[in-house]
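These are my notebook entries on a structure that I went through by chain, by interface and by residue. The sequence and the coordinates come first, and the entries follow.

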Amino acid sequence: MSLAIDILSGICLFTGAVLMIISALGVIRLPDLFTRLHGASIADTGGAFLLLIGMVLQADTFLVAIKLGLIGIVLFFTAPTASHAVAHAALIGGLSPDDPKANQGKDEAEEDRT
Amino acid sequence: MFSLVTFLVVIAMAMTLIRAVRGPTPYDRILAVNVHGTMTVLLIALAGFLTDRPDFLDLSLAYALLNFVGTLAALKFFKHGHLGEES
Amino acid sequence: MVSARTFSLFLVLFATWLLLSGIWDPFLIASGAVSSLLVVYLAHRMSVIDGEGHPIQLSWKLLTYLPWLAWQILISNIAVCRMVLSPSMKLDAGSGWVSASQKTPVGLVTFANSITLTPGTVALAVYPDTIQVHALDRSGIEELKAGEMNRRVCAMEGQS
């Protein structure tokens with residue numbers, strides 16, 4: 001029984017870590033800010049929750065499992081809010097959601113410095 | 001198992017830093033740092049299991065809250081130039 | 001005077017304290033009760049104990065919504081991973097407008113958060129009756145326009 005749980009949690013942990021890497025790859029590879037947001041949301045949902053499930057299966061006391069659950073709840077509510085805040089700020093800041101090419105190399109911080 | 005998973009998460013975190021350095025817009029950097037923070041929350045929790053010290057989970061919970069507030073504060077500061085002066 | 005909502009807020013705060021501390025010693029339990037009461041008093045003074053601050057009107061319908069949302073998140077995670085890993089990266093990204101028929105702010109926020117939480121779609125701007133959505137693949141917007149998620153959130157929001 002405990003071997004089965006170990007294997008299950010190992011699968012969850014490994015898949016979650018691979019999803020984290022895919023998400024980081026998405027943040028690097030995708031062409032503009034709005035598409036990168038989708039890459040980032042893989043880490044916030046799939047990656048984070050699979051890792052947490054894997055850790056809950058390995059938890060030895062009830063309190064540890066509860067704390068992992070609380071981390072999950074906090075991430076569940078804050079991650080989409082933070083994503084939406086970035087997206088909305090970028091939309092107001094003048095990035096175009098329909099034209100990835102327009103969002104390249106317009107570094108306002110660089111412009112301010114000169 | 002935990003050491004392999006921790007190693008993979010650290011690699012993912014290093015990859016998000018590439019985007020944070022390259023930009024090009026400030027929003028890209030804030031997004032990259034936000035993802036980096038989400039991964040840090042899980043890295044701290046994994047470190048707790050790796051070293052068998054469950055106290056790390058409290059740090060992880062606190063970091064999850066700080067990461068959210070930090071992202072919003074950075075966005076607000078970038079947009080307005082201050083964090084809410086009296087009008 | 002003490003409404004069910006206020007009492008439930010106290011219970012949630014006190015349970016959080018007990019579970020996070022994990023030490024069952026009379027002094028710590030008493031200080032937990034005092035701090036929970038203090039927070040409830042402050043929240044009452046700020047008048048944030050209402051359908052938005054502590055939405056207990058959602059409780060049991062949420063239990064049928066969350067598994068469905070988890071399933072959607074799983075499906076779209078796989079779809080987005082496939083797009084990120086595809087070597088050619090032919091994307092059909094774009095934005096569109098999705099109508100939202102929720103009546104309460106809590107329902108609207110739940111709908112917008114669900115859209116953002118699902119990889120592949122992000123809520124860009126939220127208005128009382130529509131939400132501007134950006135999708136990694138335009139089929140995601142068509143799926144939202146079909147309105148299944150909208151219907152399920154409406155069924156869940158309840159009366160406040």
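Does C:Pro119 count as buried or exposed, and at what relative accessibility? The model is a predicted one, and I kept that in mind for every entry below.

**Entry: C:Pro119**

I looked up the relative accessibility of C:Pro119 and found 3%, so the residue counts as buried. I then located C:Pro119 in the loop of chain C between helix H4 (105-117) and strand E2 (121-126). Next I listed what C:Pro119 touches, leaving out residues up to four places away in sequence. From chain A the list holds A:His38, A:Ser41, A:Ile42 and A:Thr45. From chain C it holds C:Ile73, C:Ser76, C:Asn77 and C:Val80. I also noted the C-alpha separation between C:Pro119 and C:Gly140, which is 9.8 Å for two residues 21 apart along the chain.

**Entry: C:Thr121**

I went on to C:Thr121, which I placed in strand E2 of chain C. With a relative accessibility of 8%, under the 20% limit, C:Thr121 is therefore buried. A polar atom of the C:Thr121 side chain lies 3.0 Å from the backbone oxygen of C:Ile115. C:Ile115 is also among the contacts I recorded for C:Thr121, as are C:Thr116, C:Val133, C:His134, C:Ala135, C:Gly140 and C:Leu144.

**Entry: domains of chain C**

For chain C I consulted the domain assignment, which gives domain 1 (4-45) and domain 2 (57-157). The centres of domain 1 and domain 2 of chain C, taken over C-alpha atoms, are 35 Å apart.

**Entry: chain A**

I counted 4 helices and 0 strands in chain A, and read the order of its elements from the N terminus as α-α-α-α. Of the 114 residues in chain A, 51% are buried. I also checked the contacts in chain A with a separation of 6 or more; residues 24 or more positions apart account for 64% of them.

**Entry: chain B against chain A**

How much area do chain B and chain A bury between them? I found about 4000 Å², with 81% of it on carbon and sulfur atoms. On the chain B side, B:Tyr27, B:Leu31 and B:Leu42 lose the most area to chain A, together 16% of what that side buries. The contact involves 44 residues of chain B and 47 residues of chain A.

I then searched this interface for polar links and found 6 residue pairs in polar contact, along with 2 salt bridges. One salt bridge joins the side chains of A:Lys67 and B:Asp58, at 3.4 Å from N to O. As for the elements of chain B that touch chain A, helix H1 (2-22), helix H2 (26-50) and helix H3 (56-80) each supply at least two residues. The largest share, 15 residues, comes from H2(B). By class, I recorded 31 nonpolar, 7 polar and 6 charged residues on the side of chain B that touches chain A.

**Entry: B:Thr71**

Not counting residues up to four places away in sequence, B:Thr71 touches A:Ala82 and A:Val86 in chain A, and B:Ile30 and B:Asn34 in chain B.

Definitions and conventions. Residues are numbered from 1 along each chain as its sequence is written. Chains are lettered from A and ligands numbered from 1 in the order in which they are written. This is a predicted model: local features need pLDDT of at least 70, side-chain atom pairs count only at pLDDT 80 or more; totals for chains, interfaces and linings use all residues. Side-chain values use heavy atoms; hydrogens and water are left out. Contact means heavy atoms within 4.5 Å. Buried area is the accessible area (1.4 Å probe) that two parts lose on being put together, summed over both. A salt bridge is a side-chain nitrogen of Lys or Arg within 4 Å of a carboxyl oxygen of Asp or Glu. A polar contact is a pair of N or O atoms within 3.5 Å; within protein, one must be able to donate a hydrogen and the other to accept it, and residues adjacent in sequence count only if both atoms are side-chain atoms. Ala, Val, Leu, Ile, Met, Phe, Trp, Tyr, Cys and Pro count as nonpolar, Asp, Glu, Lys and Arg as charged, and the others, Gly among them, as polar. Domain bounds come from an automatic or database domain assignment. Buried means under 20% relative accessible area, exposed over 50%, partly exposed in between (1.4 Å probe, protein chains only).
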